Amino acid sequence: MSFSFNNIFKKIVGEEISKSKLELQNELDNLKENMFHGQKMVGVGSWTYFLEEDEIFYSEEIYNIFECNSDELKKEFENFNRYFHPDDRLEILKNINALFDGKNYDLKYRIITKLGSLKFIHEKTEIIYDENHKAIKIIGVVEDITNSKIIEDDSKLVNDNIDSSKSIEGFGIWKYDVIKKEYSWSEEVYKIHGITPMEFKNDHRNFIKLLHPDDKTKMEKIFEKALNGKSLKTEYRIFKNDGSVKHIITDIEPHFDKDGKVISLLGSVRDVTRRRELKKKIDEKEKEIKRMEVRFENIIKESNDGFEIVDMEGIIRYSSGSVERITGYCPQEMINTSIYKLFEGKALRIIKDMLKHVAEKPDKNVESNVVFKTKKGEKIYLEIYMTNLIYEPSIRGIVVNFRDISEKIETQKQMIHDAHYDKLTDLQNRDYFFERLDRIEEKARKGNQKYALLMMEIRGYKHINYSLNHSVADRLIVKIVDRLKTIFKDKDCISRYSEDSFCIISKEGKSEKDYKDLGKRIIELFSQPFQIDSYELIITVNIGICIFPKAKEDNLPLKNSVKIALIRAKKKGKNIYKLYSEELNIKYLKELTLRNDLAKAIDKGQLEVYYQPVIKLKTNEIIGAEALIRWNHPEWGLVPPGEFIRIAEETELIINIGKWVLKEVCKSYKKWIDKGLSNMKIGVNFSPIQFFEMNFVDNIKAIIEGFKLNPDFLMVEITESVLLKNKKKVLRDIKALQDMGIEIALDDFGTGFSSLSYLSSLNIDVLKIDKSFIDGLPLNITNSSITRATIKLAKELKIKVVAEGIENWDQLSYLRTLNCKMGQGYIYSKAQPLEKFEEFLHKKKCKPLAYSKFTRPEKDRRKFFRIDFFSFLESNLTILKIGGKTLDVGNTKVLIKNIGPGGLCFISNVRFPIEADIILEFMMNLIDQEIKVSGNPVWKEKIEGGLYEHGVEFRVDENERESLIKILNELQIKMRNDILFDQGDFISDSHIKYFK
């Protein structure tokens with residue numbers, strides 16, 4: 001049988017090419033599908049930009065990476081721009097511009113998706129040219145490299161997939177001459193086998209040598225069958241130069257002579273290594289995906305979250321295994337059931353709204369919390385999250401994800417309760433109570449209703465807390481609340497305002513008398529003692545009451561008004577209640593303001609330590625100083641300690657204030673030593689409350705050591721009241737302080753109940769004679785005798801003596817004759833701020849002054865005349881402004897001593913600051929006329945009876961002054977003509993008796 005080699009070759013090649021095209025198409029289809037899944041798995045997408053058509057096409061994964069749909073990423077190249085991170089945009093655009101100049105780029109950058117996700121992208125481009133080297137399109141590959149694990153596991157697979165999409169496996173033709181026993185190979189066959197024609201001897205034995213050892217026997221058998229006339233197709237392997245394995249498919253076709261004898265074998269070979277490797281990796285990935293699916297199913301089953309898929313009608317099409325654990329319903333009961341049947345009431349309305357929302361807006365997720373009744377009938381709280389995945393082929397429904405958040409909700413409820421209620425008593429705390437009070441007041445105002453706010457304070461509670469223990473004090477509070485509940489059945493009307501005070505809202509009274517009776521009933525609750533363990537505790541209280549609406553409306557909040565009433569009740573004694581009235585305002589408003597502001601005074605830097613020098617009376621040497629605290633209040637000016645130390649003691653702020661004072665003294669003393677100023681004793685006053693501290697002595701020691709000072713510079717000044725309670729601890733602490741080298745001074749000696757007995761109890765180093773005994777020396781016989789005896793007694797007991805409050809030369813001379821060694825007072829210097837006192841230290845001496853401690857404006861310096869009243873004139877005073885703030889705080893009674901066109905002098909039990917920004921208004925009745933004038937205080941003086949005399953300069957215009965002058969001229973004439981003139985609100989008592 002004759003044949004033409006060329007015809008055979010064409011036939012074989014044609015058949016092989018046709019076959020290869022078909023196989024190649026199948027492989028490309030498979031590859032395309034694999035690429036789709038592969039890109040999705042590894043987060044790689046691709047795009048192609050056709051230059052001529054100016055259009056761009058994206059793979060599906062591009063939309064996933066950029067978290068958008070095809071409408072949002074239209075087929076225009078510029079649409080990428082909106083996603084670029086602002087910090088990367090310039091560099092990306094520069095590379096894109098270079099791309100159109102024929103330069104490919106390989107770039108890593110960031111994007112921000114429409115959903116707000118930040119992603120890291122790796123993008124590579126390739127420009128494709130036609131046969132005329134004209135650029136026709138650009139291909140880009142985009143990889144999401146945000147998750148480094150994906151890069152680690154799948155980057156090689158990504159690169160292989162990209163390479164596979166760009167090329168076809170090699171294809172070669174060979175012939176074996178049976179007669180000559182020689183091979184003829186095409187060039188591609190040599191390339192596929194990795195050898196050159198020079199390296200290959202064309203016989204069969206050398207071909208077998210190229211094969212993988214495990215394939216040699218198989219190929220020998222295949223070759224034998226081909227020689228026997230069988231057409232065959234098989235695969236074999238060879239080793240590449242790097243030792244890796246290459247997979248080759250060969251087709252063998254025998255050709256015969258006219259006698260039917262095989263004279264040659266014709267064949268083709270194809271390198272399918274990449275296909276095999278890709279298939280292996282895809283198989284491995286499919287196995288991994290399968291394992292992940294199984295793992296995911298198990299995770300869902302054991303998860304605290306339930307998952308369901310419902311269709312647009314709300315029919316459940318899928319239910320995860322975890323649903324049963326949450327709801328009690330197994331998945332089989334759920335499937336094909338309407339989700340609406342599982343909910344009721346408000347929860348059902350919410351579920352319907354959620355499904356409607358995600359159906360109408362597929363790109364929007366929705367979440368909410370609902371109440372769900374389990375199969376057992378238990379109510380639980382579910383957090384539900386819905387996502388519309390109707391167009392996701394693998395889901396085709398709305399995904400409902402829910403979890404049981406009952407524990408979280410209950411925790412939140414408990415947290416809200418804890419934030420609003422006192423832990424010990426379960427009563428409303430202060431903040432929540434006053435929040436409710438605002439709402440109650442607003443409702444009462446609109447409905448013209450009446451109610452009362454009561455504030456009750458337990459007296460002596462802090463002492464019980466200190467001297468016994470917290471457990472006893474806590475149980476006492478609980479028993480007090482139990483008694484209050486016998487009157488006030490609704491516990492929500494009672495609040496624990498602080499540790500020792502309660503606020504109560506009462507709506508039962510119809511008149512002022514009803515609320516007075518209520519105050520009495522509350523006080524009667526405490527007529528019987530409280531039994532706590534072995535302790536029988538007798539408790540007293542004070543109550544402030546404010547009725548709404550007030551008899552006269554003012555700008556004070558109700559809570560401030562009731563505090564003012566309580567302050568007044570406390571001043572009247574134990575088991576006293578008081579109703580608020582506007583006449584209480586000014587005096588008690590000041591104390592209320594000080595109470596509210598004192599806690600913040602340290603942090604705001606309003607406190608300051610002043611120093612009054614202690615003098616050696618014979619030589620005028622400065623041998624020590626007493627540290628005295630002052631409060632620079634922003635509204636009430638410089639407040640002396642007598643007005644706020646008591647408040648500090650009641651509120652326990654004295655503990656922190658005392659520590660602050662000692663630190664300031666140590667800081668100043670350290671500075672004086674560094675400046676080389678002489679050593680001296682510094683007296684610091686300590687409150688009895690401070691001795692209640694368990695670590696009182698250790699705290700003092702720690703503060704002094706913190707400044708690296710020797711403790712012997714300090715003198716602790718105490719009053720006799722320190723021994724009234726907890727005497728044993730006080731004596732123990734005093735002994736410990738003295739062991740450190742600290743001296744103990746008994747201050748205000750002679751003003752206590754049993755001063756002499758305390759001298760025998762206390763090992764006192766210094767005795768300070770109170771100012772009340774120095775006043776009147778030497779003419780006051782009683783004071784002279786007490787002072788002389790005290791100095792003599794101290795000398796015999798070897799106790800040093802300091803005379804306090806020396807104000808004139810008569811007192812100083814007399815004390816010197818009594819051989820009193822030390823003293824302090826205004827004759828030398830009043831207490832000075834730090835900088836001023838340091839000037840005294842540099843001089844080392846302080847000479848007594850030759851003039852009075854206080855000078856008022858002289859009469860002849862006044863611009864206008866003054867009228868002195870025969871008796872004090874009663875007037876109502878109110879504060880119009882203080883610290884720049886306009887006030888409406890009612891009024892208080894004052895006594896006017898004299899008046900003129902330029903000002904007046906008045907006496908009050910309130911100490912007003914000497915500031916230009918405080919405006920006082922006076923309303924008085926004179927010669928049957930209502931006179932109203934205003935001005936600001938320009939001087940003040942403390943007088944007997946704990947009262948204050950103030951001078952006021954009027955702030956009036958000339959017209960007002962002319963009117964006032966006419967009235968005062970008429971007043972002068974009437975007073976001159978009638979010595980018993982009484983046309984005005986004049987009083988007959990002394991000013992001291994009046995204010996008592």
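Visitor: Does H20 pass H27 in a left-handed or a right-handed crossing?
Guide: H20 passes H27 in a right-handed crossing, and that word applies when the near helix is turned clockwise from the far one by less than a right angle, left-handed being the anticlockwise case. The labels come from DSSP runs numbered from the N terminus, with helices being H or I runs of at least four residues and strands being E runs of at least two. This is a predicted model, in which local features need pLDDT of at least 70 and side-chain atom pairs count only at pLDDT 80 or more, while totals for chains, interfaces and linings use all residues. Residues are numbered from 1 along each chain as its sequence is written, and side-chain values use heavy atoms, with hydrogens and water left out.

Visitor: At roughly what angle do the axes of H20 and H27 cross?
Guide: The axes of H20 and helix H27 (residues 834–843) cross at roughly 35° and come within 12 Å. Axes here are lines fitted to C-alpha atoms, for helices over the stretch in contact, and angles run from 0 to 180 degrees between N-to-C directions.

Visitor: And which residues of H20 and H27 make the contact?
Guide: Ser668, Lys671 and Trp672 come from H20, and Leu834, Phe837, Glu838 and Leu841 come from H27, where contact means heavy atoms within 4.5 Å. By class, these residues divide into 4 nonpolar, 1 polar and 2 charged. The classes put Ala, Val, Leu, Ile, Met, Phe, Trp, Tyr, Cys and Pro as nonpolar, Asp, Glu, Lys and Arg as charged, and the others, Gly among them, as polar.

Visitor: What about H19, at what angle do the axes of H19 and H20 cross?
Guide: The axes of helix H19 (residues 641–650) and helix H20 (residues 653–674) cross at roughly 120° and come within 6 Å. H19 and H20 are therefore oblique to each other, since angles under 35 degrees count as roughly parallel, over 145 as roughly antiparallel, 65 to 115 as roughly perpendicular and the rest as oblique. Ile645, Ala648 and Glu649 of H19 meet Leu653, Ile654 and Ile657 of H20, a contact with 5 nonpolar, no polar and 1 charged residues.

Visitor: Switching to sheets: in what order do the strands from S7 to S8 come?
Guide: The order is S7-S6-S10-S9-S8, in an open sheet of 5 strands with antiparallel pairing, and two strands pair if DSSP finds at least two bridges between them. Strand S7 (182–185) and strand S8 (232–239) stand at the edges with a single partner strand each, so one side of each is left without a neighbour in the sheet. Neighbouring strands of this sheet are turned by 25° against each other on average, direction ignored.

Visitor: How many bridges are there between S6 and S10?
Guide: Strand S6 (residues 171–177) and strand S10 (residues 262–271) pair over 7 bridges in the antiparallel sense, and Gly172 stands opposite Val269 in S10.

Visitor: Which strands does H7 lie across?
Guide: Helix H7 (residues 216–227) lies across S6, S7, S8, strand S9 (245–256) and S10, and runs at about 145° to S8.

Visitor: Then the sheet with S16 and S23, what is the pairing there?
Guide: The pairing is mixed in that open sheet, whose 6 strands come in the order S16-S18-S19-S17-S22-S23. Strand S16 (428–429) and strand S23 (576–579) stand at its edges, each with a single partner strand, so one side of each lacks a neighbour in the sheet. Strand S22 (residues 540–548) pairs with S23 in the parallel sense over 4 bridges, and the bridge partner of Gly544 in S23 is Lys578.

Visitor: Where is the cis peptide bond?
Guide: The peptide bond from Leu777 to Pro778 is cis, with omega near 0°, and Pro778 lies in the loop between helix H24 (771–774) and helix H25 (781–796).

Visitor: Last one, where is confidence lowest in the protein?
Guide: Confidence is lowest in helix H4 (residues 148–164), at a mean pLDDT of 38, and highest in strand S32 (residues 822–823), at 96; pLDDT is the predictor's confidence in each residue, from 0 to 100. The protein averages 83, and 87% of the residues score at least 70. Over residues 1–21 pLDDT stays under 50, and the model has 20 contacts beyond four places in sequence for this stretch. Where pLDDT is low, the predicted coordinates should not be read in detail.
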